[in-house]
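Student: Could we go through this protein together, one question at a time? I would like to learn how each answer is reached.

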Amino acid sequence: MMFRRTFLSLLFASCFAVISWLNFVPDAIALGGKLPTINQPAPEFTLPTNTGNGIISLSDLRGKWVVLYFYPKDFTAGCTIEARRFQQDLPKYLEKNAQIIGVSADDVDSHAEFCDSEGLKFPLLADTTGAVSKAYGSWIGFVSMRHSFIIDPQGILRETFVKVNPSIHSTEVLAQLEKLQFSAS
């Protein structure tokens, strides 16, 4: 009985130590890899999308603020909540000359169905190989991590979010966007 209690205590302590370590990993080295550097040009990308002419490049969005958010999978609970919140706040982003872009490893057809079912009016990009997610330190195995980035109108990365709560994330991003825009004026 004593051995079992000691073993369980050690197991619990080890698990707690690992979980604590994972929560204190520096933001520059997030769980998905090395994040791009703030105040440097954001990694360029061109990906297929379910909207417009079928592709979007970061360079196409010069002159606008960009909220680039990575998420694991269409139609999952957290991802649906996060997308709904961005859609709910879309008019506020548009007032601030900001374009919301979602990225996951799902294909264009899945994105189109997801947008239709949720009434999403912003583009979702299909990063089926994970190349763009890797460039943004947001790739883990076969899905994108829930990370977000604010990119200014000149294509410079201004903010990174790695510990994302889907229920309140859009509000957090919007508040930070307002601060960044205020300090840039």
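**Charges, helices and contacts**

Student: Which residues form the negative surface patch?

Tutor: Let's start with the rules: a patch joins like charges within 9 Å, using residues with over 30% relative accessible area and no salt bridge. Asp and Glu count as negative, while Lys and Arg count as positive, and a charge is placed at NZ of Lys, CZ of Arg, CG of Asp or CD of Glu. The negative patch here consists of Asp 107, Asp 109, Glu 113 and Asp 116.

Student: Before we go on, what kind of model is this?

Tutor: Residues are numbered from 1 along each chain as its sequence is written, and side-chain values use heavy atoms, with hydrogens and water left out. Local features need pLDDT of at least 70 and side-chain atom pairs count only at pLDDT 80 or more, whereas totals for chains, interfaces and linings use all residues, and the model is predicted.

Student: Is Asp 116 buried or exposed?

Tutor: Asp 116 sits in helix α3, residues 108-118; helices are DSSP runs of H or I with at least four residues, strands are runs of E with at least two, and both are numbered from the N terminus. Buried means under 20% relative accessible area, exposed over 50%, and partly exposed in between, with a 1.4 Å probe and protein chains only. Because its relative accessible area is 68%, Asp 116 is exposed.

Student: How many helices and strands does the protein have, and what share of its residues is buried?

Tutor: The protein has 5 helices and 11 strands. Of its 185 residues, the share that counts as buried is 45%.

Student: Which residues does Leu 120 touch, leaving out those up to four places away in sequence?

Tutor: Leu 120 is in the loop between α3 and β7 (124-126). Leu 120 counts as buried because its relative accessibility is 7%. Contact means heavy atoms within 4.5 Å. By that rule, Leu 120 touches Ala 83, Gln 87, Phe 114 and Cys 115.

Student: How far apart in space are Leu 120 and Arg 84, C-alpha to C-alpha?

Tutor: In sequence, Leu 120 and Arg 84 are 36 residues apart. In space, their C-alpha atoms are separated by 7.4 Å.

Student: Which residue forms a salt bridge with Glu 118?

Tutor: A salt bridge is a side-chain nitrogen of Lys or Arg within 4 Å of a carboxyl oxygen of Asp or Glu. Here the closest N and O atoms are 2.6 Å apart, and the partner of Glu 118 is Arg 84. The pair links distant parts of the chain, 34 residues apart: Glu 118 belongs to helix α3, and helix α2 (residues 77-95) holds Arg 84.

Student: Why are Asp 89 and Lys 92 about one helical turn apart?

Tutor: Their salt bridge has its closest N and O atoms 3.9 Å apart. Asp 89 is buried at 6% relative accessibility, while Lys 92 is partly exposed at 44%. They are separated by about one helical turn because both lie in helix α2, at a spacing of 3 residues.

Student: Where are Lys 96 and Glu 178?

Tutor: The side chains of Lys 96 and Glu 178 meet in a salt bridge, at 3.6 Å from N to O. This pair links distant parts of the chain, 82 residues apart: Lys 96 is in the loop between α2 and β6 (98-104), and Glu 178 is in helix α5 (residues 169-184).

Methods. Patches are made of residues with over 30% relative accessible area and no salt bridge: like charges are joined within 9 Å, nonpolar side chains (Val, Leu, Ile, Met, Phe, Trp, Tyr) within 5 Å. Accessible areas come from the Shrake-Rupley method with a 1.4 Å probe; for residues, only the protein chains shown count as cover.
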